Amino acid sequence: MHFSVRASFAILVCRLLRLVSRILHRGGTAMPGRVALRICPDLLSTLSRGVTTIAVTGTNGKTTTCRMIEEIFQNSGLDYFANRSGANLMSGIVTEFAMHANLSGHVKKQYAVIECDEGAARTVFGKLRPAAVVVTNLFRDQLDRYGEITHTLANIREGISGCPDALLCLNADCSLTSSLADASLPNRVVWYGIDSTAGVNEAPPALSDASYCIRCKHEYEYDYHTYAHLGGFRCPHCGYRRHEAEFAVTGILGMDENSSRVRFRGPWGEDDVTVNLPAVYNLYNAAAAICGCVSCGLQPEICMDSVGRFSCGFGRMERFPLGEAGACMILVKNPAGCSQALHYLTGTKEPFVLAACLNDRPADGTDVSWIWDADFESLAPLADRIRKIYVSGDRGPDMRIRLKYAGLPDASITLVERPDELAAALGRETLPVYILPTYTAMVELRSAVIRLCGGNEFWE
Amino acid sequence: MKCRICHLYPDVLNLYGDGGNIICLQQRLRWRGIESEVQRVPIGAPLRLADFDLVFIGGGQDFEQEVLLEDLKHGKADEIRAAISDDICMLAICGGYQMLGSYHETHDGKRFDFIGALDLYTRGSPDRMIGNTVYECLPACGGGTLVGFENHSGKTWLGSSVEPLAKVIAGSGNNGEDGTEGAHYRNVFCSYSHGPLLPKNPGFCDYLLQTALARRYGSAELAPLDDAAEKAAHDAMIRRVTSQAGSGRHKKK
C-alpha cells in the first residue's frame, strides 16, 4: 500500500505541534490534529489500518465507559492507546493516532479505545473502522449544536453505515439507541441493559426525551423505568419493544455512596459484580464496557473484575482532599445526567456544602435552558442539610435563580465569580463538598483545586 | 384567589427548559400566598379551557409535529380559538407560538396547516437563528426589557391584526429581518425566546399573572417580591449581549 509523503508530513507536523503545546503547558489535544487534517484530510483512514478499536459514542457515560474499557484492556495485557474526553472530535482522535504512529503511518499499538462525540460519529466511524461501536444512550443535550435528538441519532446511524463490519453494542433499555438496529444497517448487534428482575423501578419521569414510538409515533408503554426514558419500553401499536439483553444487570445486591454490587448475566452465566462507582447510570456504563469487551473476545472474568477496580477521575465522581471533609466533583452536562447527580445527592446522609458551576461555552452548550429541565426540585427537601450553596461560572446568576425557584433559600446562596476564588472558598469548608460543574467549568475548577491540594492535569 | 394554569402538550412541547416558565409562575404565586394549580394536558387528553386562567404552550421538536397536528384536529383547535376570543391569558413559546398561526411551510416545501387563531404564518429558512437575545417589550405587553435564548429556523411574519410582543435589541426575533419579536393579540403573548423566558424576566411574569387574575377577579394587585437575584441575572445577560457585537449568530444547517 502506498503511503503518501503528504501523510508523513501531516504526522510530523502533528507530533511537533503537540510537543510545542506540551512545552507551553497547554493540553494540545485537538489543535495538532486539526492542522494535520488540513495537510492530509484522509489521515485517519490511513492510520486506523491495523488497529483494533473499540469506539464509544452516545450522550452520557462515554468517558466513564471508555475508562472502564481501558481498565479491562490493561488487565487483559493489551497494548493500547486512548483519547481523552476533551479530544473526542475528528481532530482530537487524529492527534491521538498520529502520536502513536511512525512517519510511514504505522501505528505501534495494536489496540485503541476511542471516545467519539455523537455529532462527530458521522464523519469519524467510516475512517476509524472500529471492531466494535458501543452506544451508551441518547438524551437531549446541547440541542443548540445538534438541532434535535433525532438528528443526533441520524448522525450516529450514518457513521455506523460507514463501518458495516463493526459489532454494535446497544443499550436495550434506550428506545432511541435501540432503533439503530434495523434492516438498514447490516451490523451484528449485541445488547446490554438492566433487566426488570433487578427491581430498579423509578417513577416515570415528568419530562421524557422519548415518549412516542420512534417508528410509528404512538405512545410507549413501560414495564419499568430505570431512569429518564430508559427501561422496559414497548409500543402497543407497532410492536417495537426492548430487545432482550445478552449482557444484563439482573439483581441489585447493594448500593452505597461509592459503589454498587450487582448480579450480572452474560452469555457465560451469572456472577456477582462490583462496580466501583455509585448510581444506576454507572451500572449501564459497566454493562456497556463488559458487553463491548467480551463481545470482542476478552475474558469475562477479567472484564467483570476490572469494573470493580477502575477509577475514572476527571470530574466524574472524582474525589479531592479539599477542605476538612473532602470534595466530590460530579460533571453535569444535560438534564438526564444532572437529575441523576441530584438524585445521588438526595441519597447521602450527612450535611454538606453544594457548589454549582454553570458555563455556556461551546463545549458546555451555549444554551443553558437545560438547567430548568433538570430536577433541582429534588434538593428542596434537603434544604436543612445543604448548609451553604455556592454558584459560579459564566452563568452563575442563572444557576442562582434556578436554585431559588427550586425552593432553596436564596439567602444560603453565594455567587463566586472566579474558579480560583471558588476553590479557595471550598477549601475553607469543614463539611463534605459536592461540586456540580458543566464541562469547561469542571476543567477550570479542577485545575484550581489541584493547585490547592494536588493531583494530575487531564493530559498527564 | 387561585390561579388555574393549563400546561398544554407538556409531553411533546417541552423543549429547552420551557417547563421553567411553569415553575416560575407557580413560585411567584406561592411566594405571595396565592394558590395555584397546574394541570398538564397531554396528547389525547380532553381540553376544557373555560376551567383555566392561564395557558402555557412550549416549543417542540419537528419529529413530534405530526402527532400534535393530528391531536389538534380532535376538538382542541376549536377550544383554543374560542378561549382566545374569550380573552384567556396565554403564553406560547416557539413551536407553540407557530402553532397558533395559520401555517408553517418548511424549508423543503412541506406545508403544515395550523389552527389559525392568530393572523401570522411561518416559513422555514435554511439558517438557524440561535443565541442570546435582548428585546424591548412593548408597553401593551408590560414594557421593560426582556432577555432570552432563541433557537429556531422558522421565520414568522405577523399579519395586520396582530402586534409584536417586543422590538429586537439583540438577536433575530421573529424573522431576523423586520426587527419584531413575538406576537400579542388580545391576552395572548407569544415569543421565540426560550431561556426559559419568565425566570429572568420577573416583571413580564407578573404582568401575565396580573392579566390572568384580573380577567377572573376584576382586579389583581400583586405584592412586590425581592427580585434581586432575578434582576442580577437579567442585567448580567443584557451587559453581556450588548457588549458582544452581533450576538445572534446564524448557522448554516
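Student: How many of the 10 residues of helix α5 (residues 90-99) of chain A are buried?

Tutor: This is a predicted model, in which local features need pLDDT of at least 70 and side-chain atom pairs count only at pLDDT 80 or more, while totals for chains, interfaces and linings use all residues. Residues are numbered from 1 along each chain as its sequence is written, chains are lettered from A and ligands numbered from 1 in the order written, and side-chain values use heavy atoms, without hydrogens and water. Buried means under 20% relative accessible area (1.4 Å probe, protein chains only), and helices are DSSP runs of H or I with at least four residues, numbered from the N terminus. In α5(A), A:Met90, A:Gly92 and A:Phe97 are among the buried residues, and the number buried is nine.

Student: How much space lies in the largest cavity?

Tutor: A cavity is a set of points on a 1 Å grid over the protein atoms alone where a 1.4 Å probe fits but cannot get out, and its volume is the space filled by probe spheres set on the points, which are joined across faces, edges and corners. The whole structure holds six cavities of 30 Å³ or more, and the largest has about 280 Å³.

Student: Which helix gives the most to the lining of the largest cavity?

Tutor: Lining residues have an atom within 4 Å of a point, and α4 (62-75), α10 (280-295), β12 (316-320) and α12 (335-346) of chain A each supply at least two. With four residues, the greatest contributor is α12(A).

Student: Between which domains of chain A does the largest cavity lie?

Tutor: Domain bounds come from an automatic or database domain assignment. Because both domains give residues to its lining, the largest cavity lies between domain 1 (5-306) and domain 2 (316-453).

How values were computed. Buried means under 20% relative accessible area, exposed over 50%, partly exposed in between (1.4 Å probe, protein chains only). On a 1 Å grid over the protein atoms alone, a cavity is a set of points where a 1.4 Å probe fits but cannot get out, and a pocket is an open set with protein on both sides within 12 Å along at least five of seven lines; lining residues have an atom within 4 Å of a point.
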